[in-house]
Amino acid sequence: MTHKAIRLSLGARPLLALFALGLLLIALSSGWQLRQTTLQRAADTGAELSAIPLMYAGPLAYSLQQLPQKPEAVHGLLHHILTRHKLRRVELRTPDGEQFRALSDDEGEPGQSAEFSLADTGELRLQASAATVGDTLRRDPLLRSTLIHLAIATALGLAAVLLLDRWVLRQLRRLSEQASRFDPTLPPPSPFWPEAAEPRPREVLQLEQAIDHVRTSLGDELHREQSRGREMREELARQHRALQQAERSLEAKRKELASMERHDALTGIANRREFDAALRREFKRAQRDQGRLALAILDVDHLKPFNERHGRGAGDEVLRRLARLLADHFQRDTDLVARLGGEEFAVLLPGFDAEAAQGPVEMLCEAWRSLAVPHGALPDGAPDGGIVTLSAGLAATQPGHPYLSPQALMQAADEALYLAKHMGRDRLCLAS
Ligand SMILES: Nc1nc2c(ncn2[C@@H]2O[C@H](COP(=O)(O)OP(=O)(O)OP(=O)(O)O)[C@@H](O)[C@H]2O)c(=O)[nH]1
């Protein structure tokens, strides 16, 4: 309803302007008409002046004859002519040179004048008043009354337009502007409606108060919703952070698990599963490329009595040291060192045949020996020296001596290791 009224107000303004323009046009047209009438009257004056001698030649001659008895008759007649024809001045000069004149009280501009010679009477001089707008209005009561009424109607109409615009439409426009600037996301100013300098109609005040009320209640509700939304956002952000944290630790666990799947927990090098996969992969490659692949299996000698003597922790440390040494010795990208389980380790050397691999493996065993880890519990009959030693078996698949499968290569290396053990340990044996 309010919105409709405001739209009506905005649409009414041009109508009011049109109405005011119409009134002004009527006033202009009336003024034009008045001017035309005045000009017409000025044009008629000449003809009217010419008619006067014709009309009054007789009465003037008669009044002059009566002059001795009735000297006032000439003055009276001249006065009559003056007032009857609304002249400014009437003068009569007799053939004897006597002069009579009648003057009007009109102090306006002098208008057209004319002079006539009358037989037996003398000269008659007439002067009309200037044809002015005021004079025209004075002379024409109907026109005067019409124009006065028109002027009053125009003035009242314009006043009504101004008042309507100022008192009602302007207020409604102000309301419309306020409504268009209305933004419920902003906190409500207090008071919402600034005190207008001019007084406002009661209806506008009521409307303002109603909108103010709606604004305030909307604002309160909005504030409640905003703070609820803020709390929810904070809670969401907290949950999000917790989720991210959980995801991070899950990812770390996943990596740890993945690493555990491929690495030996005690030594950190590749485990049996990783080794098996690498062996299958490299064996296939060597088969395909007619290449070489060497495999060495190493086993710590007499770890059981070592454990029994020094404890399992010390045995673990021996295994860790051996793993570090293996990793240090075989560092090519394609090399792989792995713990197969227990005290058994493996070295996979792609591209190496048995002869080429023998040197590095023996160097490894030598390096181990030079670490000189004291055993302290070697069984009777074991080689003297008293240190922890390694036994190793080496096999390689190579052109001229291929194996049929990874398992066959593995078994050959195992048998070579068995041989090394059997031959008294602390040595490297090659598969036949
Ligand atoms: N400390 C430790 N000992 C292990 C681990 N895994 C296996 N062992 C021990 O290694 C020993 C292997 O014993 P055996 O198979 O009899 O071999 P050995 O005593 O080393 O003798 P040979 O291999 O014949 O020279 C066992 O006592 C196992 O308990 C391990 O992870 N840590």
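Two notes on reading the model come before the tour. Residues are numbered from 1 along each chain as its sequence is written. Because the model is predicted, local features need pLDDT of at least 70 and side-chain atom pairs count only at pLDDT 80 or more, while totals for chains, interfaces and linings use all residues.

**Overall make-up**

The protein has ten helices and nine strands. These are DSSP runs numbered from the N terminus, with helices being H or I of at least four residues and strands E of at least two. Of the 432 residues, 24% are buried. A residue is buried if 20 or more other C-beta atoms, placed from the backbone, lie within 10 Å of its own, exposed if 12 or fewer, and partly exposed in between. Two residues are in contact if their C-beta atoms, placed from the backbone, lie within 7 Å. Among contacts between residues at least 6 apart in sequence, 66% join residues at least 24 apart.

**Two annotated stretches**

**Helix α6**

Helix α6 covers residues 272-288. At 1.5 Å times one less than its number of residues, its 17 residues should span 24 Å, and its end C-alpha atoms are 24 Å apart, which agrees. Buried in α6 are Phe275, Ala278, Leu279, Glu282, Phe283 and Ala286. They sit on the same side of α6 because they cover an arc of only 130° around the axis, taken from the directions from the helix axis to the C-beta atoms. On the other side, Lys284 and Arg288 are exposed. The partners of the buried residues are β5, β6 (336-341), β7 (344-350), β8 (390-397) and α10 (406-422). After α6 comes Gln290, whose phi is positive, near 55°.

**Two buried residues**

Ala270 lies in the loop between α5 (202-262) and α6. With 23 other C-beta atoms within 10 Å, Ala270 is buried. Not counting residues up to four places away in sequence, Ala270 touches Arg262, His263, Asp264, Phe275, Leu336, Val337 and Ala338. The C-alpha atoms of Ala270 and Ala338 are 4.5 Å apart, although 68 residues separate them along the chain.

Pro350 is found in strand β7, and it counts as buried, with 21 C-beta neighbours inside 10 Å. Its contacts, leaving aside neighbours within four places in sequence, are Glu282, Ala286, Leu293 and Thr334. From Pro350 to Arg332, 18 residues apart along the chain, the C-alpha separation is 9.7 Å.

**Around the ligand**

A residue is near a molecule if its C-beta atom, placed from the backbone, lies within 6 Å of it. The ligand is surrounded by 16 residues, the closest being Asp301, Leu303, Lys304, Gly315 and Gly342. At least two shell residues come from each of β5 (293-300), α7 (303-310) and α8 (312-329). The largest share, four residues, belongs to α8. By class, the shell holds four nonpolar, four polar and eight charged residues. Here Ala, Val, Leu, Ile, Met, Phe, Trp, Tyr, Cys and Pro count as nonpolar, Asp, Glu, Lys and Arg as charged, and the others, Gly among them, as polar.
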